[in-house]
Amino acid sequence: MSFSIHGLAVARGIAVGRAVLVASSRVNVAHYFIAEDQVPAEIDRVRVGRNAVIDEIHRLQRTISLMGPKEAPHELTALMDVHLMLLQDEELIQGVKHWIEERLYNAEWALTTQLEVIARQFDEMEDEYLRERKADLEQITEKVLAAMQGLASPMATATLRPTRKASASDSASEAAADTPLILIAHDLSPADMLQFKQSVFAGFVTDVGGRTSHTAIVARSMDIPAVVGARLSSHLIRQDDWVIVDGDAGIVIVDPSPIVLAEYEFKQRQGEIDRGRLTRLRHTPAVTLDGQKVELLANIEMPEDAAAAVSAGAVGVGLFRSEFLFMGRQGRLPDEDEQYLAYRNALEGMAGLPVTIRTVDIGSDKPLDKSSKDETHLNPALGLRAIRWCLADPDMFLTQLRAILRAAAFGRINLLVPMLAHVTEIRQTLELLDRARAQLDERGMVYGPLKLGAMIEIPAAALMLDVFLKYFDFLSIGTNDLIQYTLAIDRADESVAHLYDPLHPAVLHLVADTIARCNACSKDVSVCGEMAGDVTFTRLLLGLGLRSFSMHPSQILAVKHEVLRADAGKLASWAQAVLTSEDPAATFAG
Ligand code: PEP
Ligand code: MG
């Protein structure tokens, strides 16, 4: 039966494919395609893993049988029987074989996929006792996965998650492996998303998340259609369902009719043609009709993203979210040399263009370790995040500052500090920067000059610009957080997403004022929040005097297209009308 689910549009475009349900706790499981001649070996890996668990249970049963009836708890023996029954269940065995043989999934992926299928059936059971058996099924799956860990996968030495192209065989099953896959999950952390960057998935759907949550931001950077906040999608969609992800409208259509499918496939092709046309603008300078030069910069998460930035025609990196180097490492943070190499790689990737490195912005919806939400603090977005975290751990911060300074000897680096709100934080940051230089001097190490910038993303910062203008060479407006903190709306919470409003008069005033004040004293200012890459706002920001935009590489050409069609002079009076209106959204639209 066809139905649709409405969520929040995150990353443009349309994807049509089969659903792959991944439990948030199992995103670690490797997802890759195997070649057809590896099918028997892969089925064997599951069989051997399963048999190892069965043997272990038999051993336990023998030990228990030697105990007297008093010491051998009935619950334990009953539980072992249930586990054995589940392990020998035909549906599990045949299902796993199906995913391996028909879809060429690797063994772990096949096992967890079939787990999701059976778990869903348990969820739907009326009988409470049977419903609770889902936990047993999950336990035995974990055990089989653990037992399989010791068994070398044929692909393990190649790569954990090769792309479809790299691994699809040229056999009859190629068609199966070529079917686009859509990842459906309740929640994914930003680090999980990063893992999927090189993955097999053509689209994403999550139950939770706001449009500017960091999970959504990474999805956008991957430039594949994505919808977040599509509540219950991971419950309503079944493994292997056909789904359409409309990343422009924020709609997920499940089991579409042939007519709907044809309509979306047409839209999909149209989108590809439109994008193809935009690539012609790659080398065109971003200049408005009235001759205003506009700087279009890239936001990146990893040094290797520099390649996409260059090929999209970015004139530099306006925001390197360095925290992605720190995430998903089980607390083992990158040392100075590792960071230094990463920053140098980013510089080299940009081939002489400037790179703005933001100091680590961990916390809130970007926990250090993936899938581990910050539950120790009541309001993590208001807690020890970004510069606060850095100042609370000066050694860690100094390590990063030294690495950035050393990399600056090889190209133009701007240092950007997030979440500043207090002059004391500014002073402490500058002192630590001096100390990092002194430490490098002591070691006799070479380092380069840095331009120093601050993010304006807390209303307090926007309201004390004099201080920021005094201490910094440039400012960068982080609209994602500025909106969150001005309106007291959690940017990652889909239940208040309707109140997250970039056109709220208070937000617009803070943005407009920051731009105007910087322009008045010829201080560089840019916007690096999601507003900068959203073509809906390009004309407004130009009208407010903004001449530097930083966004995902995939958004650069569409924004350039808007810039080329804009008359900045004429837009200025319209932007003032929007700004002074009681209802800016109405003036903006009208
Ligand atoms: C912002 O807040 O707008 C920003 C660019 O930083 P982040 O999205 O990483 O918090
Ligand atoms: Mg921010």
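**Entry 1: ligand 1**

I looked up what surrounds ligand 1 and found 17 residues, with Arg321, Arg358, Gly478, Asn480 and Arg491 the closest. I took a residue as near a molecule if one of its heavy atoms lies within 4 Å of it.

This is a predicted model, in which local features need pLDDT of at least 70 and side-chain atom pairs count only at pLDDT 80 or more, while totals for chains, interfaces and linings use all residues. Residues are numbered from 1 along each chain as its sequence is written, chains are lettered from A and ligands numbered from 1 in the order in which they are written, and side-chain values use heavy atoms, with hydrogens and water left out.

Next I listed polar contacts (pairs of N or O atoms within 3.5 Å; within protein, one must be able to donate a hydrogen and the other to accept it, and residues adjacent in sequence count only if both atoms are side-chain atoms). Glu457 places a polar side-chain atom 3.0 Å from an oxygen atom of ligand 1. For Arg385, an N or O atom of the side chain is 3.1 Å from a ligand oxygen atom. Gly478 uses a polar backbone atom, 3.3 Å from an oxygen atom of ligand 1. On its own ligand 1 has 290 Å² of accessible area, and the protein covers 100% of this. Areas are by the Shrake-Rupley method with a 1.4 Å probe; for residues, only the protein chains shown count as cover.

**Entry 2: cavities**

I searched a 1 Å grid over the protein atoms alone: a cavity is a set of points where a 1.4 Å probe fits but cannot get out, a pocket is an open set with protein on both sides within 12 Å along at least five of seven lines, and lining residues have an atom within 4 Å of a point. Points are joined across faces, edges and corners, and volume is the space filled by probe spheres set on them.

I counted 2 cavities of 30 Å³ or more. The largest cavity holds about 70 Å³. Its lining has 15 residues, and Arg321, Arg358, Met455, Glu457 and Asn480 lie nearest its centre. The lining divides into 3 nonpolar, 4 polar and 8 charged residues.

**Entry 3: largest pocket**

I read about 1200 Å³ for the largest pocket. It is lined by 45 residues, with Ala11, Arg12, Gly13, Gly247 and Asp248 nearest its centre. Domain 1 (3-24 + 170-277) and domain 3 (283-589) both contribute to the lining, so the pocket lies between them. Domain bounds come from an automatic or database domain assignment.

Note on methods
Nonpolar A, V, L, I, M, F, W, Y, C, P; charged D, E, K, R; others polar.
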